[in-house]
Amino acid sequence: MPTPVLMPQMGESIAEGTIVRWIKKVGDAVDRDEPLFEISTDKVDAEIPAPAAGVLTEIKVNEGETVAVNSVVATIGAASEISKQEPLGSAPPPAAPSLDSVVPRDVDAPPAKPAATPRKTNGRTAAKPSEDDSRKQRSSPLVRRIARDNDVDISQIHGSGLGGRVTKNDILEYIDSETGTGDSLGAEAPGAKAAGSGTRDAGLGNRTADPGSRVEIKPLSVMRKKIAEHMVMSRRTSAHVHSVFHVNFSTVERIRQQKKAEYEQLGTKLTYMAFIAKAVVSALRRFPIVNASLDGDNVIYKKDINLGIAVALESGLIVPVIKHADEKNLLGLSRAIADIATRARSKQLKPEEVHDGTFTITNPGQFGSQFGMPIINQPQVAILGVGTIEKRPIVVDDAIAIRTMAYLTLGYDHRLVDGATGDQFMSEVKQQLENFDAQ
Amino acid sequence: MAKSFDVVVIGAGTGGYVAAIRAAQLGKTVAVVEKQSALGGTCLIWGCIPTKALLEHAHALKVIQHAAEWGVTIPPGSPAINMPQVHARKDKIVGGLTRGVEFLFKKNKITWVKGTARLAGSGKVDVVEGDKQTLEAREIIIATGSAPRSVPSVTIDHTRIITSDEAIHLKEVPGSLVILGSGAVGVEFASIYRRFGSAVTIIELLPRLVPVEDEAVSAELEKSFKKQGITVMTGTKVTRATASSSGVAIEADTPDGKKSTINADVLLVATGRGPVTTGLGLEEAGITLERGYIKVDELYRTSVPGISAIGDVITLGTGVHPQLAHVSSMEGIITAERIAGQPVQPLNYDHVPGCTYCDPEIGSVGLTEARAKERGYDVRTGTFPFGVLGRAKMAGESEGFVKIVADKKYDEVLGVHMIGPRSTELVAEAVLALRLECTVEELIKTIHAHPTFSEAVGEAAHAAHGAAIHM
């Protein structure tokens with residue numbers, strides 16, 4: 001039996017995907033789970049594995065085309081049919097008629113228009129979670145019983161218990177607030193509104209090149225387009241201000257040297273970023289407003305600290321998220337940072353791993369920048385930019401000394417975070433780093 | 001020169017030493033000031049450990065007294081208890097455990113300062129007796145605990161009129177013993193000395209024994225105590241106790257309005273324990289007290305920043321704070337973790353298990369039936385007697401029951417109350433059930449191994465939903 005290959009649903013909020021590259025050609029033999037093609041969605045780029053072993057008999061959606069999820073993009077013939085195929089080397093044309101009849105035609109992709117596809121997913125991020133998701137929400141037998149009796153979706157409730165478990169009090173308070181004011185904060189996924197504030201036109205391309213001039217015109221990649229939209233939207237949404245702090249990394253550097261070997265034995269590298277992440281987590285806990293979002297007239301305080309770490313890719317940028325970063329120690333953070341960075345570069349991130357960040361750290365310093373003025377990753381309200389970490393002369397006790405120093409920049413949304421708070425937050429980060437407690 | 005520490009703990013009882021170890025595990029430098037010559041405090045030296053050791057002796061005697069029923073032949077002459085040997089074994093157990101705490105201190109590099117502590121202004125603790133010095137502390141944890149307390153009408157003389165501190169060391173079994181107060185301490189010593197051979201009378205001001213327990217448990221204990229020959233006087237107020245060389249005369253008002261005088265060799269006062277704060281300099285330090293206890297918030301912070309308090313010495317201002325070793329140690333852990341900047345959550349005091357090692361044992365957690373009704377729950381209960389179980393018949397322990405108190409609306413398990421064999425162990429399942437917000441239905445669906453005493457828990461859950469299988 002031939003197996004249809006579908007455009008995968010990479011996350012509840014993702015409606016369509018663009019095929020960036022076919023890794024296999026028609027006629028190639030594929031193993032189950034062998035990378036078959038590469039897609040780009042509005043959240044993430046990913047390699048998609050073959051759903052079955054066999055021979056790629058037909059490609060229905062060409063590179064650069066965008067189709068709805070669950071559209072058939074190719075067909076794999078069963079392994080037993082390999083012998084019926086044309087000899088290897090002479091690939092059949094893209095429409096192999098012999099297997100066509102079993103594939104529904106109505107899902108055929110529209111003509112390619114990758115650069116003009118409207119962003120259909122705007123406003124859909126608050127879609128009702130699937131049953132699967134609600135089962136993943138930690139609760140208790142009692143909470144599930146109360147939920148059943150009151151027809152409440154547990155996944156909409158913030159859990160105050162260990163590991164985010166929804167407790168009896170959480171659900172009773174939720175039911176109270178629902179029946180009381182009718183205006184429930186928890187029911188709306190944070191940031192769902194902010195993400196849809198009219199940014200279809202990214203503001204690019206309004207000045208076209210003169211005909212005949214010496215230029216080369218290329219369509220934007222999906223990722224580039226999303227970055228462009230997101231950055232302009234953020235600039236429009238937030239009242240950006242920046243504070244720059246000069247931080248002494250000598251203590252961190254000493255601990256790093258001491259623990260380097262130990263961490264290597266444990267299979268990970270101890271980077272500055274792990275220390276910075278640890279300090280940021282601790283400061284976020286002291287200043288919950290920096291870990292919040294603005295939604296209309298409400299402030300949404302996020303109880304979890306989910307740290308986004310910006311990772312530069314060859315052709316763009318992605319911000320994978322370390323969920324519950326506040327539950328990790330230095331080793332755990334080191335591992336998590338290394339893991340998401342590696343997988344971001346090898347396109348192995350899952351869509352949910354770029355969701356739900358509550359604060360972002362970006363590191364322009366790795367390319368030599370003294371400090372950056374980063375743009376906030378919406379709907380968050382602050383972002384930390386890490387400048388290059390290097391030895392500099394500074395004044396210590398009225399003498400010039402050499403210390404390992406770096407500029408850290410906080411970009412924050414003045415709508416929610418005032419200068420005093422932003423600076424107090426930063427001085428806490430500085431204090432944590434300069435007196436790092438390496439337990 | 002003052003020695004400086006991240007954390008100085010005052011008192012090395014269960015709360016203090018656990019807080020110290022947890023803080024040290026989290027990388028803090030820790031000193032503990034203790035005025036006693038051994039570590040471990042009330043629990044290890046005067047409380048939990050010695051009394052439970054004595055109760056095991058009483059249990060051994062009980063089995064031997066019933067040797068004939070077990071088909072064990074013992075030489076003629078009735079079995080008797082040898083007090084010097086009992087104390088030797090008990091003291092060996094206590095010594096082993098207190099040295100165990102010393103070992104844990106060394107392992108965790110905790111400094112043990114021998115002496116009496118006094119708060120000396122911001123971040124400072126004076127050691128005024130013993131190793132006199134001043135310690136500097138970024139954080140101070142007061143864990144000075146409690147001591148037995150009498151009632152106004154009775155003066156303790158430590159020979160004829162004694163407290164639990166003396167009751168664990170009695171060289172001879174008293175011919176007659178009157179116990180004032182029927183909380184855990186009172187009923188445990190009643191069981192010990194009745195088994196050892198004393199004529200025991202227990203006097204309780206309130207209308208029932210073990211007043212904090214469910215009423216059904218109180219009734220079952222009273223029935224059992226009477227069967228064992230313990231005289232139970234509830235609703236009785238002691239107005240005077242007079243010690244003489246030959247004994248104690250106890251005058252009391254009985255519930256029928258009459259006055260009565262009871263004579264005994266020894267009067268044990270077990271009316272409760274009060275906070276130990278003398279000489280600590282709390283008022284000078286500006287720490288708020290309530291009825292003599294240190295007032296703390298739900299994360300054990302006193303009114304003075306940088307000073308926390310845990311254990312028997314505190315009040316949360318929300319009713320009676322349980323004076324139990326396992327509560328103190330949990331409070332110590334929470335406090336140490338908070339000081340170390342870890343995320344912490346307040347303790348739910350409705351989920352504190354109570355274990356009383358009288359015979360029959362009592363284990364309970366959560367709301368009693370009466371308390372659940374007070375809170376407005378539509379209550380249903382299920383009770384199952386141990387006597388029906390094969391396992392209990394084998395052990396010759398047929399007293400007692402498991403009672404589950406549940407909310408009818410959402411089926412939540414609100415409380416579990418048990419009296420009978422192994423109840424202090426069986427309660428663990430119930431504590432977890434409450435902690436994880438279990439419903440009665442989940443308890444029913446949980447497989448209880450056969451043959452075990454724990455079957456009574458599953459059966460009581462069945463009973464709460466209508467009918468037990470084996471009844």
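Two residues are in contact if their C-beta atoms, placed from the backbone, lie within 7 Å. The model is predicted, so local features need pLDDT of at least 70 and side-chain atom pairs pLDDT 80 or more, while totals for chains, interfaces and linings use all residues. Residues are numbered from 1 along each chain as its sequence is written, with chains lettered from A and ligands numbered from 1 in the order in which they are written.

**View 1. Axes of α1(B) and α9(B).** Helix α1 of chain B spans residues 14-25 and helix α9 of chain B residues 325-339. Their axes, lines fitted to C-alpha atoms over the stretch in contact, come within 7 Å and cross at roughly 30°. The two helices are therefore roughly parallel (angles under 35 degrees, taken from 0 to 180 degrees between N-to-C directions).

**View 2. Chain B where it touches chain A.** The contact takes twelve residues from chain B and 13 residues from chain A. On the chain B side, five are nonpolar, three polar and four charged.

**View 3. Chain B as a whole.** Chain B has 14 helices and 24 strands, which are DSSP runs (helices H or I, at least four residues; strands E, at least two) numbered from the N terminus. Of its 471 residues, 48% are buried (20 or more other C-beta atoms within 10 Å of a residue's own).

Terms used:
Nonpolar A, V, L, I, M, F, W, Y, C, P; charged D, E, K, R; others polar. Buried ≥ 20, exposed ≤ 12 C-beta atoms within 10 Å, placed from the backbone. Parallel < 35°, antiparallel > 145°, perpendicular 65-115°, else oblique.
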